[in-house]
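Dear colleague,

Please find below the structure that I am handing over to you. My findings follow it, grouped by topic.

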Amino acid sequence: LPVVGMASSRSSSNKSVDTEESARPMRDLVSYNTVINALSQAGLYDRALTMFADMQSSGIKPDKLTYTSLIRPIVAHEDSDVQEMLYDMQDRGIDADVITYNEIIKVLCEQRKVSAAKRIIGHMESANVSPNSMTYGLLMTGLLRTGNAAACVTLFESACADSRTVALTENIYLYTTAITAASALGDSDRAFDLLMRMNACGLKPNIKTLTATMGACISSNKPEMAAEIYRKIDKPDGIAMMKGMKAFCLSGATREAFEIVSKLPCRSRILKGKELMNTYKAIVESALLASDYDLARDVMTDLFRKGNIPSKAIYNGIFDAMNLFYNRRKLLRGEQFGVVDPEGAQKFQFLLFVLDSVMERNIPCEGLLYSAVLRCGSELGGLPRKIASLMISSRTANDVGTASSSSSLIYGVEGAELCSTTTWEELLMDYDDYKADLVTPEALPCLTVRIAPRDVSSVLKAERNLSYGKARRTNKPKRNANRGPQ
């Protein structure tokens, strides 16, 4: 009886499996196309090609959608296989239309294979498929991204000169791309000529078109024209505002640029990220180049007030405008000390202001800013050199943990009153009143420095030159490594 029961249960289970197999839908063309397209979009190119091979072995013939889904996997494997795919489509009686060709060109240009994309254009002509405006747009964008701005403009002009394709060029996207290419070439005359031709065709320039024209003006050293173009934009985006503020700064209207930026809210949706930092960098750098330290202070104050932390680009802009670190190799060798700078005192005070603003945010000071303060103080000598020396003591004390990281006051010696100085800049200005209280490093303003690996050498050199002075040079000739002593 148990054996009979087991046999009957096995037969019933086999019947259920057969029923499930019969109820399971069969794989057809639609299911294969769906899976291949999903694998291709997910970047699983090998699995997509394997699924295509399984589809062929199952006897299911692919259609145009199948080959369109296989474009990315085939290009990722070998771009020369694309033409073999097109020939295979012809053998199967599947005609590739302009949409298929545009998809191939798009994928090739995304992977910077512009030469292969050009060959596809020749295949289109042999197949009697006329390109459309999107075809030219994709190819022009690919040329521009690969640094072939001249070829991008040439392609657009050749399309304009051909009576068969001139109607396709009357497109705002193509004109904007051509103007952007002219901007990359620094040819403002070509950019304005394209803008005039665009207006003659009845096309209204958009923000991207005007932004590209501003870039052409800035590249050709015509910031006044770029500033006038910016004033005509009603609602600029982040890139337009960034280039517009740069144009204002280059044309001498730095104060106007700051007034525009300062009116933006703290969490502005227009300026953010890299565009925000580059805008503030251009304004503060322009102010420092004009020796307008008050405006530079206002710019940095507004930056900190809105909850932003200066980027490395802003620090580099400040150092470049102040002519600091202008030869990093010589700086690391300690050969640029002792240079007389008529604005040295203002530079040192401004650097202290920036450092104090960073410390008020309870974040570490960057090593490059710290070494710049030490370098500037060492060059000036006197009280700035003394302040820079005290900064080394404060940093060392904070590194070993002897100073409280939350300290914001300078505490006097035993029995003395608390000093009112809370920042390094105020210590510089009122040093004579509080120098008697500066006995231990714990009495100094708190200073924490974050030193990146690439800045370790610069910081150590700055501290060494400040502590031990400039290294003495000897006039002894160096020995040649390949020759013995003379």
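**Overall organisation**

In the protein chain, 67% of the contacts with a separation of 6 or more are between residues 24 or more positions apart. Please note that this is a predicted model. The secondary structure of the protein chain amounts to 26 helices and two strands. Of the 486 residues in the protein chain, 43% are buried.

**Helix 7 and helix 9**

Two packed helices are described by the angle between their axes and the distance between the axes. For helix 7 (residues 98–110) and helix 9 (residues 133–145), the angle is about 10° and the axes are 9 Å apart. Helix 7 is therefore roughly parallel to helix 9, given that angles under 35 degrees count as such. On the side of helix 7, the contact is made by Val98, Asn102, Ile105, Lys106 and Cys109; on the side of helix 9, it is made by Met134, Thr135, Leu138, Leu139 and Gly142.

**Aromatic pairs**

The whole structure was searched for aromatic pairs, and six were found. One of them joins phenylalanine 156 and tyrosine 175 in an edge-to-face arrangement, with 5.0 Å from centre to centre and 70° between the planes. Phenylalanine 156 belongs to helix 10 (residues 149–161) and tyrosine 175 to helix 11 (residues 172–184), so this pair ties together parts that are 19 residues apart in sequence. Phenylalanine 156 and tyrosine 175 are both buried.

A further aromatic pair, formed by tyrosine 315 and phenylalanine 319, is stacked, at 6.4 Å centre to centre and with 15° between the planes. Both residues of this pair lie in helix 19 (residues 312–321), where they are four residues apart, about one turn of the helix. Tyrosine 315 and phenylalanine 319 are each buried.

Ring pairs also link Tyr293, Phe350 and Phe353 into a cluster. The ring of phenylalanine 353 has the charged end of arginine 297 sitting over it, 4.7 Å from the ring centre.

**Positive phi values in loops**

Which residues other than glycine deserve a look for a positive phi? Arginine 112 has a phi near 60°, a positive value in a residue that is not glycine. Arginine 112 is located in the loop between helix 7 and helix 8 (114–126). Its relative accessibility is 53%, so arginine 112 counts as exposed.

Serine 291, likewise not a glycine, has a positive phi of about 60°. The loop that holds serine 291 runs between helix 17 (274–289) and helix 18 (293–305). Because its relative accessibility is 31%, serine 291 counts as partly exposed.

**Proline 223**

Finally, proline 223 is found in helix 14 (residues 223–231). With a relative accessibility of 5%, proline 223 counts as buried, since the cut-off for buried is under 20%. Leaving aside residues up to four places away in sequence, proline 223 touches Cys217, Ala247, Leu250 and Ser251. In sequence, proline 223 and leucine 250 are 27 residues apart, while in space they are 5.9 Å apart, C-alpha to C-alpha.

Yours sincerely

Key. Residues are numbered from 1 along each chain as its sequence is written. This is a predicted model: local features need pLDDT of at least 70, side-chain atom pairs count only at pLDDT 80 or more; totals for chains, interfaces and linings use all residues. Side-chain values use heavy atoms; hydrogens and water are left out. Axes are lines fitted to C-alpha atoms, for helices over the stretch in contact, and angles run from 0 to 180 degrees between N-to-C directions. Angles under 35 degrees count as roughly parallel, over 145 as roughly antiparallel, 65 to 115 as roughly perpendicular and the rest as oblique. Contact means heavy atoms within 4.5 Å. Rings of Phe, Tyr and Trp (its six-membered ring) pair if their centres lie within 6.5 Å; planes under 30 degrees apart count as stacked, over 60 as edge-to-face and the rest as tilted. Buried means under 20% relative accessible area, exposed over 50%, partly exposed in between (1.4 Å probe, protein chains only). A charge sits over a ring if NZ of Lys or CZ of Arg is within 6 Å of the ring centre and within 35 degrees of the ring normal.
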